[in-house]
Amino acid sequence: VEDDGSSKPLLVAVEGRRWWYSREALVVVGQTRHSAVASPQVAAPCVVTPALVRQGVRVRRGPDWQWDDQDGHGTGVILERDHSGWASVAWEESGEKNSYRVGQEEAYDLVVASSYTELIAVLYPHEAPTAGPKITAADATPGTRVVRGSDWAWGVQDGAGRGTIQGPGDSDGWVKVKWDNNPGKSFPHRVGGDGCYDLAFAGIQPVTCRVHHVLVPFTKSPGEGSNVCDQCHNRIPNGDPMH
């Protein structure tokens, strides 16, 4: 972290890239001669992708920002999607309006500044993603579809959407998840670590699987016309309680 002592967001080097964080999002875990060392287990920002370009979403400068002080070092509001891979933003501090990359040239100039509640209201005016039972280390199998759970502490890192577990959990009760609305790297989340559970099954409808003759969770992937048994991967049509 490079800290100039002002009240502005902090620029943090994370795995070879630089990200903007609010001061409240960071915990100091050590000190070098010239800078603080931030814990990697903080809420990484969610870059703005085309899926998140909705009128009213609040944003701030992101990892690939190269537009000097157009933003006035403050927040702005998305006005519209200009064309493929770009979004128009009005900045509150500077009063400027301009277009920024949201995937064009594989660059992301913006990150989400809206709260989770604000983002949900904009993205899902009719029906938000539903959450089922919490995911434990035993449930954390690759490919499992998830949403944020009861102990979530990572801001809008999930982009207020669904994600997919990328691998088995580690011995400390953590697992990596790739979020649909926040592309790129996978993020670590707790599935028992520190006694917390950050994740829940996405779109759960517990039903009886005829293969196992037991009540098991079925997860529905976005855009799919069926539910999937987590144990045998058989599919059932929507609304059918058995298979």
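This is a predicted model: local features need pLDDT of at least 70, side-chain atom pairs count only at pLDDT 80 or more; totals for chains, interfaces and linings use all residues.
## Salt bridges in this model

Asp 71 is buried, at 0% relative accessibility.

**Around Asp 71**
- Asp 71 pairs up with Arg 61 in a salt bridge, and their closest N and O atoms sit 2.8 Å apart.
- This pair links distant parts of the chain, ten residues apart: Arg 61 is in strand S5, while Asp 71 is in the loop between S5 and strand S6 (76-81).
- Arg 61 is buried too, with a relative accessible area of 11%.

**Asp 158 and Arg 148**
- Here the two side chains meet in a salt bridge at 2.9 Å, N to O.
- Arg 148 belongs to strand S11 (145-148) and Asp 158 to the loop between strand S11 and strand S12 (163-165), so the bridge ties together parts ten residues apart in sequence.
- Both Asp 158 and Arg 148 are buried.

**Glu 118 and Arg 58**
- Glu 118 makes a salt bridge with Arg 58, with 3.4 Å between the closest N and O atoms.
- Because Glu 118 lies in helix H1 (residues 116-123) and Arg 58 in strand S5 (residues 58-61), the pair ties together parts that are 60 residues apart in sequence.
- Glu 118 is partly exposed, with a relative accessible area of 36%.
- Arg 58 is partly exposed as well, with a relative accessible area of 25%.

Notes: Residues are numbered from 1 along each chain as its sequence is written. Side-chain values use heavy atoms; hydrogens and water are left out. A salt bridge is a side-chain nitrogen of Lys or Arg within 4 Å of a carboxyl oxygen of Asp or Glu. Helices (H or I, at least four residues) and strands (E, at least two) are DSSP runs, numbered from the N terminus. Buried means under 20% relative accessible area, exposed over 50%, partly exposed in between (1.4 Å probe, protein chains only).
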